[in-house]
Amino acid sequence: MLFLVSISLLAGLSHAHVIVFPPVAAISQQHSQQATFRLETSDDDVDLTTDAMGGLVSFAHLPYIPCFSSKTDDEIDKYDIAILGAPFDTATSYRPGARFGPHGIRDGSRRIREKHNWDIYTGRNSLEDWAKVVDCGDAPLTFVDNTMALKQLVKAHKITSGRLANNASISSTPRILMLGGDHTVTLAALRSTYERWGVVNVIHFDSHIDTWDPTVKGGRITDYAAVTHGTFLHIAHEEGLISNDSSIHVGIRAPLGTRRRDLDNDVHCGFDIVTARDLDEFGTKGIIKRLKDRVGDGRVYITVDIDVLDPAFAPATGTAQPGGWSTRELLTIIDGLSGMKVVGADVVEVAPVYDNNGETTCLAAADIARSLVMLMVDVPVVA
């Protein structure tokens, strides 16, 4: 029986198609039938300028510039928009890890490249427009002293924004997109931004209001403990850095500490609120209109806490809150803000240690950062 099966198989093989592979450059034609490989000895025609996804990681493979170094403007390349990392998380209230956020966001941006950045919705490439965009690396921040770390970040931010811009005929003052870091870093950015641009309106994407009164939340312990990622907007208001009547929260859904006092204080700090569920009633177009109506023609700072997204789309954050938006919904709203005078922005609270194997949060944060750069490119702002 076995003999008959073998004969049948051999008969079938005799009618099988013979597959002949086309010649391959690295295989000698003379010996191709013997599958003998010939090693090419000349590499003159090998191109090493291919834009790969490997190598040292800057955001979207942008050039690295030592923006906040002691070098003069004539000693470094000029730029119009700078990416600045803020590796800080010692003022977070729950899960730490956002100090690695800048690294994670840059990893998430590996697939974004200058020459392959044409937006499917607008037909524009924000990285090949009038603005030269660079990565300045991370500000060197101490991790044992919050007060000193924030001072270091303010200084790095000031030096970076104080350079003469590359395209000074359009806008002489560079703008900064900061990668956090817990949300406290926004306070440092607003302090620096105030010196360059004056009082700004704030569009604050978050699940929490972050205007908690420091004397109530943490401040009873020490003044040092009063500065946290949940109080920084109250402090920014008290310091006169933000407008009193044209700032707004977006995506809010987290519980409050009191029935009315937190909301009353929030109004005192100059904020209106768009809740996460407002999206169900008004849609993305309605949310965009509310933001534009609130801010008007004023200069705006946009801060995006990644926890504005639902944990299904961004699990890697310190204070995840269910019931949030999808990544597509958030990107639609951010992109819809085109036309605003965005003088600065940040993406914060990315804690890569809590991400999944697919790096869902870091990928989302990188695309959010890309959209924020696009807003800056869309509208040059003169200081």
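Biologist: Which helices each supply at least two residues of the lining of the largest pocket?

Modeller: Rolling a probe the size of a water molecule over the atoms shows where empty space is left. A pocket here is an open set of points on a 1 Å grid over the protein atoms alone, where a 1.4 Å probe fits and protein lies on both sides within 12 Å along at least five of seven lines, and lining residues have an atom within 4 Å of a point. In this predicted model, helix H8 (327-335) and helix H9 (360-378) each supply at least two lining residues, helices being DSSP runs of H or I of at least four residues and strands runs of E of at least two, numbered from the N terminus. H9 gives the most, with 6 residues.

Biologist: What is the volume of the largest pocket, and which residues lie nearest its centre?

Modeller: Its volume is about 320 Å³, taken as the space filled by probe spheres set on the points, which are joined across faces, edges and corners. Of the 16 lining residues, Asp 119, Tyr 121, Leu 331, Thr 332 and Asp 335 lie nearest the centre.

Modeller: On what the values rest, residues are numbered from 1 along each chain as its sequence is written, and side-chain values use heavy atoms, without hydrogens and water. As the model is predicted, local features need pLDDT of at least 70 and side-chain atom pairs count only at pLDDT 80 or more, whereas totals for chains, interfaces and linings use all residues.

Biologist: In what order do the strands of the open sheet run?

Modeller: Two strands pair if DSSP finds at least two bridges between them. The open sheet has 8 strands in the order S2-S1-S3-S8-S7-S4-S5-S6, with parallel pairing. Strand S2 (133-138) and strand S6 (271-275) are the edge strands, each pairing on one side only. Strand S7 (residues 299-305) and strand S8 (residues 341-348) pair in the parallel sense over 7 bridges, and Ile 302 stands opposite Ala 345 in S8.

Biologist: Across which strands does H9 lie?

Modeller: H9 lies across S1, S2, S3, S7 and S8, running at about 170 degrees to S8; axes are lines fitted to C-alpha atoms, for helices over the stretch in contact (heavy atoms within 4.5 Å), and angles run from 0 to 180 degrees between N-to-C directions.

Biologist: Where does UniProt place the feature "binding site"?

Modeller: The unreviewed UniProt entry places it at His 183, Asp 206, His 208, Asp 210, Asp 305 and Asp 307, in the numbering used here, with feature names shortened and annotations that may be inferred rather than shown by experiment. Although spread over 125 residues of sequence, these positions cluster in space, with a largest C-alpha distance of 12.4 Å.
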